Amino acid sequence: MKTKRKWRDTDFLYLSTRLRAAASSELTGERLNRMLDAPTFSEAFALVCDFYGASEEIRASGNYEALLDKALADAFALAGELIRGVIPEKEGESAPEILLAPFRYVYDGQNLKALIKCEALGRDALPLLSENGSVSVENAVRAVSEHEYDAYPAPLALAAAEARTSLAETGDPQQVDLILDKAIFAAMAQAADESGLAYLEKLVRVKTDSANIGIFLRCVRQQKPRAYFEKLYLTGGVLDKDFFLSAYGETPEKLLAALAFTDYSELAGCSDASEAARMCENLYAQYAYSAEKIAFGPELVIGFLVRKEYEVKNLRILLAGKSCGLSTERIKERFRGCDA
């Protein structure tokens, strides 16, 4: 087992100043509303391009996925650069890898899903891949084609091999998602624990609990049997499987009432399952944003990255909604992390 790193907040004095300066250019509610009020996709896309200083090539293409992927990649690069500048490597592992790994593993998992499914279908996965994983796109492609996953943390490496075998045996692509989703959260929890940073450990626990609450509510709403929920349950949170199974019934109210005695008590009074799922995700954002109260320390890097992820996620929702002709209100309903 790896030794947990010990952090000194004073090491992050200069870094914290840089991050607060970077935060001044983040998307404000006022600017987001101007994008929402744009009458067409083209006008909204132009405003997002202006916000990120997009190249003429991107502006001409209308490819908002490429624009947003680059914005997030730039945020990862800035976070890594700043951490690397103040924290030396230790035992062959750099500080950026330790702090950013839980977030990069999400994109590793998404890349593995796309590559494994596309391999089975004989399709090109490259347009679906993200550069924000801990493993480069080039190495991810090589790993799946050669069936060698040593570049990944153990939970993802084992899951990739299992997912590929399961898809070959069952032909069911949902099994790939199920297997790799569980591995993503397991890898996140492992990395957060090894980081030795209490804030990051709790953040991953909150994210896992939030995901499990959302899974539970969907399963109950769709009248799925208990065994179905058990297959989807994610490890790494505070709320164990028995907590959910004891509340499993025909309606969500039993679980929401049980949450009154947990850190998620504010969900107890919610009667709508969809609203409860939205509130639950915002609890994750709320805890992530609590880092803003800290004067300096590694927590600020993580808070910055989570804010950027929500910024990109909401702009993707906005532009996708505009392209489909959704109303402003329908788009706003889908936003996450805004009122945390």
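## The overall picture

How many helices and how many strands does the protein chain have? In this predicted model, the count is 16 helices and zero strands. The chain has a radius of gyration of 20 Å, close to the 20 Å that the globule rule gives for 340 residues, so it is as compact as a globular protein of that length. Along the principal axes, the C-alpha atoms fill a box of roughly 50 × 50 × 50 Å.

Of the 340 residues in the protein chain, 47% are buried. Now take the contacts between residues at least 6 apart in sequence: 66% of them join residues at least 24 apart.

Two packed helices are described by the angle between their axes and the distance between the axes.

Which residues make the contact? H1 contributes Leu15, Ser16, Leu19, Arg20, Ala22 and Ala23, while H15 contributes Leu300, Val301, Phe304 and Arg307. Sorted by class, the residues of this contact are seven nonpolar, one polar and two charged.

## Helices H8 and H9

Now look at H8 (154-170) and helix H9 (residues 173-195). These two pack at an angle of about 175 degrees, with 8 Å between their axes. That makes H8 roughly antiparallel to H9, since angles over 145 degrees are put in that class.

On the H8 side, the residues in contact include Pro155, Leu156, Ala159 and Ala160. On the H9 side, they include Pro173, Gln175, Val176 and Ile179. By class, the contact of H8 with H9 has 14 nonpolar, four polar and one charged residues.

## Two buried residues

Glutamate 299 sits in helix H15. Is this residue buried or exposed? Its relative accessible area is 16%, so glutamate 299 is buried, the cut-off being under 20%. Not counting residues up to four places away in sequence, glutamate 299 touches Leu197, Tyr199, Ala291 and Ile294.

Alanine 44 belongs to helix H3 (residues 41-52). With a relative accessible area of 0%, alanine 44 is buried. Leaving aside neighbours within four places in sequence, alanine 44 is in contact with Met35, Ala38, Leu318, Leu319 and Lys322. For a sense of scale, find lysine 231: its C-alpha atom is 41 Å from that of alanine 44, and the two residues are 187 residues apart along the chain.

## Two loop residues with positive phi

Most residues other than glycine have a negative phi. Here are two residues to look at with that in mind. Histidine 147 has a phi near 60 degrees, a positive value in a residue other than glycine. You can find histidine 147 in the loop between helix H7 (137-146) and helix H8 (154-170). At 36% relative accessibility, histidine 147 counts as partly exposed.

Glutamine 223 also has a positive phi, near 55 degrees. Where does glutamine 223 lie? Look in the loop between helix H10 (198-221) and helix H11 (226-232). At 71% relative accessibility, glutamine 223 counts as exposed, because it is over the 50% cut-off.

Notes. Residues are numbered from 1 along each chain as its sequence is written. This is a predicted model: local features need pLDDT of at least 70, side-chain atom pairs count only at pLDDT 80 or more; totals for chains, interfaces and linings use all residues. Side-chain values use heavy atoms; hydrogens and water are left out. Contact means heavy atoms within 4.5 Å. Helices (H or I, at least four residues) and strands (E, at least two) are DSSP runs, numbered from the N terminus. Ala, Val, Leu, Ile, Met, Phe, Trp, Tyr, Cys and Pro count as nonpolar, Asp, Glu, Lys and Arg as charged, and the others, Gly among them, as polar. The radius of gyration is taken over C-alpha atoms; the globule rule is 2.2 Å times the number of residues to the power 0.38. Buried means under 20% relative accessible area, exposed over 50%, partly exposed in between (1.4 Å probe, protein chains only). Axes are lines fitted to C-alpha atoms, for helices over the stretch in contact, and angles run from 0 to 180 degrees between N-to-C directions. Angles under 35 degrees count as roughly parallel, over 145 as roughly antiparallel, 65 to 115 as roughly perpendicular and the rest as oblique.
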